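Dear colleague,

Please find the structure below, followed by a short account of what was found in it.

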Amino acid sequence: MAKAKTTFFCQNCGTQYAKWLGQCNSCHEWNTIVEEVIQKEEKRNWKQTPTTKKTNKALKINEIPFDKEDRISTLNNELNRVLGGGLVKGSMTLLGGEPGIGKSTLLLQIALGIPKRVLYVSGEESQSQIKMRAERLQSKNTNCLILTETNTQNIFRAIEEVQPDVVVIDSIQTLHTEYIEASPGSISQIRETTAEFIKFAKETATPVLLIGHITKDGAIAGPKILEHMVDVVLQFEGDRNHTYRILRANKNRFGSTAELGIYEMQSIGLREVENPSEILISQKEGDLSGTAIAATLEGMRPLMIEVQALVSTAVYGTPQRSATGYDTKRLNMLLAVLEKRAGFRLGAKDVFLNIAGGIKVDDPAIDLAVISAILSSNEDDAIPQDFCFAAEIGLAGEIRPVNRVEQRILEAEKLGFHKIFISKFNKISKSFTSIKIVKVAKVDDIYANLFA
Ligand code: TYD
Ligand code: MG
């Protein structure tokens, strides 16, 4: 028997080595190089029949015929928006996310919703399990075929038989190709099977949706080049204890990466959330101290988000600072600004911060709402429910302008807020009728406006 050919791969970045090393020369990670068995046979096409070699000619840019990307609408507005208008023909889309977040549910729902012939290939669940899930999703599409298979050659055979318009693969880590002997989920298998599907997608103009597992630090498991190879990388995230899920594009060759989709996980599958602001603001009776509403932007979408703070006397020597959904370092910075620039003695207090709804925010415009919530809790004085905030805080205690402030004000006005606090330096050209705009320049001003 011929000796099995092996190569060493860095499990972090995918670099290939001829022998084992302790540290990867490329990404400098330690102990990431693993031996994998590969068998380099002559590689065949995804289709068994060889295609004729076609050479491409270089063209002047204005000679290239222009046709708008051909897109397939998914009938799921949130996904369409994130993709930039629908699935582009011949594109490869990779969907990553933590286990149990709802990746299979989302793609099965899409597969059942598209009015096209869809082949849903699962290497993780049996046909009857998928049937059970489809029953819960209450969908009517009968044009979706389910295949449970992990061998790519068999999948391509089924594809030739079925002639689907869209292919969904759940998940890339379960697939294996006959041309490589490494086990499914290994770097070389992931790389090879993805390459086969890319070739298939490009040659037949069929969009392919791939599910990818992620590692414990949130990256898609497999070599980083996997993300380079595909056209679109989508990330499905959310707190498993909350029902809201956010879909964002980390990479998109056919649209903006600023867009975002919001879903709610229900017993009958994922529901699209059209007006996210309403769900992110918690319903409560009467005014409570320690909450403030921020007018933020997630991508291109304005979102009203509730910030909750709790300031209490520290029980241990070192006060605790903790934040959920917000950067703890930034919270510490804002506390230092309050201490140094405005003279609030928070050094001996525990400060807890929470963004309602289990979402994560990194829009700096939330800063003003954060300090307002902290001051409100510290004073034990509630901020009226129809007030909201949109400004960044600088290290000197100055209140800084934020981008697209008019869009934020418009959203606040639409949702019935009567007062919005923004930076003195934000220029506004439009006039608003039912919302009052209060311009503030320093942290002290906000205190004077709210509590003095
Ligand atoms: P799943 O799509 O299997 O996650 P992934 O493929 O990302 O690992 O989603 C699993 C979770 O979703 C599971 O814990 C149950 C929940 N769920 C619902 O709440 N409602 C539903 O209709 C479905 C299908 C799943
Ligand atoms: Mg799954």
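In E12, which residue is the bridge partner of Glu-237? The partner is Ile-246. This is a predicted model, in which local features need pLDDT of at least 70 and side-chain atom pairs count only at pLDDT 80 or more, while totals for chains, interfaces and linings use all residues. Residues are numbered from 1 along each chain as its sequence is written, chains are lettered from A and ligands numbered from 1 in the order written, and side-chain values use heavy atoms, without hydrogens and water.

Strands E11 (residues 232-237) and E12 (residues 244-252) pair in the antiparallel sense over 6 bridges; pairing requires at least two DSSP bridges, and elements are DSSP runs numbered from the N terminus (helices H or I, at least four residues; strands E, at least two). Both belong to an open sheet of 9 strands with mixed pairing, in the order E8-E7-E9-E10-E6-E11-E12-E13-E14. Strands E8 (144-148) and E14 (269-272) stand at the edges with a single partner each, so one side of each lacks a neighbour in the sheet.

Turning to ligand 1, Gly-100, Lys-103, Ser-104, Thr-105 and Gln-266 come nearest among the 15 residues around ligand 1, where a residue counts if one of its heavy atoms lies within 4 Å. Helix H2 (103-113), helix H3 (127-137) and strand E13 (260-266) each supply at least two residues of this shell, and H2 gives the most, with 3 residues. A backbone N or O atom of Ser-267 lies 3.0 Å from an oxygen atom of ligand 1, and for Gly-269 the corresponding distance is 2.8 Å.

How values were computed. A polar contact is a pair of N or O atoms within 3.5 Å; within protein, one must be able to donate a hydrogen and the other to accept it, and residues adjacent in sequence count only if both atoms are side-chain atoms.
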